[in-house]
Every structure is written in structure tokens, then in C-alpha cells.
Amino acid sequence: MLPYLELIPRDILEYIAFLVALTPLPVFSPPQELLNLLLTSSTLYSSLCISSAPHLYARIFRSTFDLDMNSPSYDASKITDSGLTFDLVSRYRLLRRVRRMEFSNKMMLEDLRVAMQTVIESKRVNEAHLKSAGFSEFTFSYAEQCLTKHLIAQTHAAFDYETNLVLWLLVLTWSRDDVTKIAQETRENFLILLRPLVLGDVRDYTIVQPIHQETSRSELCVRDGCSPKANCQRDTSIPSAASAAIILYFVLQEAGCTKVSPRLLFGRVVDFGNGREGPTMEDYYSMTNYRTPLPGDEHPDTGTVCNPRISNPTRITHDPQFFNLRQSGSNAYCSLPDVVTGLWEGVYMVSCVHMNKEASSSPSTPDFICKKFMQCSLVLFFHFGTSDNEHLIPGSIGGEVDQWTANPRDFSTEMDCLTVCGWETPYEKFVSPASGECQVSRNYSQALDCLVIGRTAQDHDSAWGGFNFAGKLKRDGTIVMKRESKDSTDAGLGVWIFEGNVRYGTVFAGTWRSSNSPGSGIHGIFSLGKKVHPSQSEH
């Protein structure tokens with residue numbers, strides 16, 4: 001029988017090998033039957049090995065894994081058969097490590113980079129492969145090891161790159177079901193491990209460096225020494241570890257139970273002493289029921305190899321800090337306006353620990369003393385500078401937001417015209433092209449500046465007090481806003497500064513402080529989710 005198989009024309013033999021590779025049992029398991037076919041004879045091996053038939057393995061890759069052609073890092077002219085073959089080998093090596101729960105340092109960093117690229121390019125099939133291998137359990141266990149090592153070392157240095165990668169992989173692939181499977185004691189221990197990142201100064205732990213994937217899709221390494229070049233290099237950036245830690249902190253905190261006082265009234269009652277209303281039981285339920293959005297919760301159906309999802313539900317493309325920095329897509333002014341504009345609701349927590357690394361690393365130190373509801377409805381205003389209107393920008397909003405002399409109540413947006421302290425500015429209100437109300441097409445990548453203006457809705461004002469917001473959207477996606485009470489009698493609250501990022505298009509998370517000087521005053525963290533209008537959720 002074997003001689004007849006060896007005499008089959010090569011194109012037919014490769015088609016048989018292709019079909020064998022696509023029928024693994026169980027689904028999402030490695031193509032073991034293809035390996036068995038290669039081992040039947042040296043003739044078949046030499047005809048079907050990766051150095052002889054990279055086009056076969058590139059075809060298997062396209063049929064087995066996702067390749068997001070809309071990704072900013074995708075360049076069709078640089079994707080070669082040898083490069084895709086290398087990716088196929090790399091991804092199966094990663095999945096083998098995950099299944100075996102191997103945490104050895106050998107090639108761990110490279111495997112984590114492969115995992116990040118797999119998640120970024122996912123249209124759901126990639127994530128199905130990771131889920132079938134137990135990727136969430138693997139990343140959580142390895143994150144525990146990395147954070148424990150850093151805690152034992154008692155170092156104030158930035159977290160290493162592997163820790164940064166594994167924390168973001170945990171955020172991007174975790175779901176609520178994964179969190180609830182973790183024992184409460186384990187969750188509490190993990191919260192302690194996250195404290196140095198969550199309670200420390202975010203800028204101390206910023207690790208936004210490119211992943212230089214010079215080996216992935218650039219060199220195919222095979223046993224016989226053949227190294228055909230794929231001529232493709234990808235530089236993918238990832239956000240800071242602190243941002244991932246804040247999201248994870250909220251997610252783990254929300255897994256516990258929060259009680260609502262039975263003494264609260266169901267309906268709203270005016271306090272005639274000061275003419276204000278207060279929060280009701282319904283308001284508190286809205287706060288306690290808030291859940292920080294996770295990409296893994298958006299589409300529980302992971303799809304199959306034969307029936308992949310068309311769209312990319314993780315929406316990492318909305319986050320400019322996941323982009324190739326050389327691409328135009330890395331400009332937040334291009335990718336974020338539609339995402340940022342709208343109503344955001346969530347919570348903020350007040351820390352009882354001063355920004356002190358030694359105190360925050362002590363297990364006996366409490367972390368946050370309270371949680372409060374937060375809301376802001378945001379609109380954007382862009383400045384397209386010319387020599388004619390540059391002088392119209394008031395000096396009170398020059399420089400960084402914490403240096404502004406103007407406060408949120410000094411901003412007015414009547415008739416879609418932005419004025420500051422009565423001074424009319426040349427900033428133009430952002431109108432989404434999808435709304436059909438945009439009369440002039442604008443290239444927002446050419447804008448020189450972007451202001452973020454916001455306020456709370458009437459319901460929030462009645463329950464928790466009203467606030468105005470004003471700040472900037474930076475080109476890297478960072479949002480810095482001042483918050484000030486609408487009521488002049490609450491001037492004692494002062495002006496708070498919120499700084500954070502919109503991550504994967506659905507969560508706005510970061511830190512806040514009550515003083516212009518980091519390290520003084522009270523401070524904490526916040527998490528907001530985009531409130532989607534019912535008509536928008538259908539799209």
C-alpha cells in the first residue's frame with residue numbers, strides 16, 4: 001500500500017495532507033494525524049516537511065487560525081508562506097506549553113509575544129484555540145508567579161516585560177466565568193499582589209515598549225538548517241502594566257458580594273433642609289451591579305474552525321497603544337473619537353493609603369475605604385490650527401491639564417461653540433460620520449489638539465451630586481480631565497483630576513487625585529463602562 005501512496009502526484013498528496021491536518025480529534029487539538037502521515041516513510045517526509053512545502057502549512061494556518069487583514073500590523077506584501085508556516089509552528093508550540101502548564105523560562109517571552117499576536121489577530125477562532133488549551137488558568141498562574149517574584153524582591157523598579165504581557169493577556173482573554181471559578185482566598189491574595197501597581201504612581205510602572213518580532217514571520221527555523229526569509233517584521237506596542245492591573249483589580253473586587261442598606265428608600269425624596277434629593281436603593285443597586293467590561297464576556301460563543309466569527313469582538317483596534325506606532329492608526333484622534341463620545345457610567349474607589357510603595361505592599365494595609373458611583377457624558381472638540389486662529393486659544397487652557405488656570409465650570413458648549421471664561425475658541429465639535437449629521441469631512445489625524453468636555457446627567461445630579469468635566473485627549477489615547485462640582489456651595493470638594501485610557505473600546509479606567517501635585521491629597525482608581533443606547537446595540 002505504501003508504494004502506491006508515494007507514487008501519488010505531489011499536488012494530490014498535499015491535498016490529502018491538508019485534509020488530514022484539518023480533521024483533528026478532538027477539535028482544536030494539534031494535527032497529530034499529519035505527523036503520523038509524515039512518519040510513514042522518508043519519501044513522504046521529504047515531500048511534506050515544512051522546508052519542502054511551506055505553502056501547505058501556510059494554507060493550514062489560514063484554515064486553522066485567524067489572520068486579521070484589517071489589523072494595522074497586517075501587510076499583505078510581507079506575509080509569505082514561510083512566515084505563516086513559522087507562525088503555525090509557534091502557535092502550536094504555545095498551545096503545547098499551555099496544555100502542559102509549563103512555566104520554564106526557555107522561550108517563555110517569545111511564547112507570550114506569540115500569544116499577544118494571536119489575541120490581537122483573533123476573530124474568535126484564535127481565542128477558541130486558547131480556551132480549549134486552558135489559557136486563562138495558565139496566564140493566571142503565571143501572573144501569580146511573576147507578581148510574587150516582584151513582591152519578594154521588594155524592588156521599586158518597573159515590572160519586567162513578561163509581567164506586562166501576561167497581565168494584558170489575562171485582561172484580554174478572561175471572562176466572568178473564569179473569575180468565579182477562582183477561590184475567594186486566591187482572589188484576595190492576587191489583589192494583594194496587584195497593590196504595587198494599583199496604589200503606586202502609574203508613571204513608575206509604565207512599560208510601553210515595542211515587541212520586536214524579528215523572528216516571527218521573519219525567519220523560519222527548521223531542523224535541517226534551512227532558514228528561508230519571510231521579510232516581515234512587526235513592531236506591536238502594548239499599554240502599561242498599571243492599566244491592566246487596575247482593570248483586574250476591579251474585576252476581582254466585583255466577584256465578591258456588596259450589600260445594600262435595607263434602610264434606603266425605593267423612591268427619591270427631597271431633603272427639604274437643603275433642597276436636594278439623595279440616592280435611593282435603586283441608585284445603590286445600579287452602583288453595586290456595575291461590572292467592569294471584559295472582552296471575554298462580549299461573545300460567549302467562541303465559534304469553530306468551520307464557522308468562525310466575522311468581526312473582531314475584542315476591538316483592540318480601538319486602543320492606539322496596541323497599535324504599530326509607525327502606522328497612522330496609532331493616532332488616537334483617528335481611532336477614538338467615536339468611542340470616547342457618549343455616556344460613561346461606573347464607579348471610583350478612594351484609597352486610604354498614601355502614595356507610598358512600602359505601605360501599599362503590606363498585606364495588612366487596607367486598600368480602599370469606599371466605592372462611589374461615577375458618571376460623565378463626554379463630547380470632543382478638535383482644534384485644526386492655522387495662523388489665523390492660533391491667537392484665539394486662551395492662555396488659561398495652555399499646556400498640561402493640571403496646569404490650567406481654567407476650571408470645568410468655566411467651559412460652555414452652547415450652540416456647539418466652545419467658550420472658555422466667555423472667550424470663544426476655534427475648537428470644532430466632533431460629529432460622528434455615522435450620525436449622518438456631519439456636513440464637512442475632516443481628517444482628524446491632522447488636528448493639533450483635542451479637548452474633552454463632559455457633565456453628569458440629571459438623575460446623577462439628584463442622587464450623587466452634579467459635576468462638570470474638562471480636559472484633553474492626548475494623541476497616544478490618554479485622557480486627562482478635571483472634575484468640579486456644578487453647585488458652587490460644594491466648592492470645598494475642590495477640583496479632582498482623572499487620568500486614564502479607553503481600553504479595547506469598552507472600558508475607561510485609570511487613576512484620580514484631588515491635588516495637582518501627585519503624591520498629595522486623596523487619590524484612588526476608577527472604572528467606567530460605555531452606556532450603549534438600545535438603537536446602537538443593534539449595529
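Modeller: In this predicted model, a residue counts as buried when its relative accessible area is under 20%.

Biologist: Is F498 buried or exposed, and at what relative accessible area?

Modeller: The cut-off for a buried residue is under 20% relative accessible area. F498 falls within that class, because its relative accessible area is 0%.

Biologist: What share of the chain's residues is buried?

Modeller: The chain is built with 19 helices and 15 strands. Of its 539 residues, the share that counts as buried is 51%.

Biologist: Which helices do the buried residues of α9 pack against?

Modeller: The buried residues of α9 include F135, F138, F140, Y142 and L147. Their packing partners are α6 (81-100), α7 (108-120), α8 (125-132), α10 (161-173), α11 (176-180) and α12 (184-199).

Biologist: What geometry does the pair of Y333 and F382 have?

Modeller: The two ring centres are 5.5 Å apart and the planes meet at 85°. Planes over 60 degrees apart fall in one class, so the pair of Y333 and F382 is edge-to-face.

Biologist: How many residues apart in sequence are the parts that Y333 and F382 tie together?

Modeller: Both residues are buried, Y333 with a relative accessible area of 4% and F382 at 0%. Y333 lies in helix α15 (residues 332-335) and F382 in strand β6 (residues 368-383), so the parts tied together are apart in sequence by 49 residues.

Biologist: Which strands hold F469 and F498?

Modeller: F469 and F498 form an edge-to-face pair, with 6.3 Å from centre to centre and 65° between the planes. F469 is buried, with a relative accessible area of 1%. The pair ties together parts 29 residues apart in sequence, because F469 lies in strand β11 (residues 467-473) and F498 in strand β13 (residues 496-503).

Biologist: Which residues form one aromatic cluster with F469 and F498?

Modeller: F469 and F498 are both members of one aromatic cluster.

Biologist: Which residue lies over the face of F467?

Modeller: Elsewhere, R59 lies over the face of F18, at 3.9 Å from the ring centre. For F467, the residue at 3.7 Å from the ring centre is R483.

Conventions
Residues numbered from 1 in each chain as written. Predicted model: local features only at pLDDT ≥ 70, side-chain atom pairs only at ≥ 80, totals over all residues. Heavy atoms only, no water. Helix = DSSP H or I, 4+ residues; strand = E, 2+ residues; numbered from the N terminus. Buried < 20%, exposed > 50% of the residue type's maximum accessible area, 1.4 Å probe, protein only. Contact = heavy atoms within 4.5 Å. Phe/Tyr/Trp six-rings, centres within 6.5 Å; stacked < 30°, edge-to-face > 60°. Lys NZ or Arg CZ within 6 Å of the ring centre and 35° of its normal.
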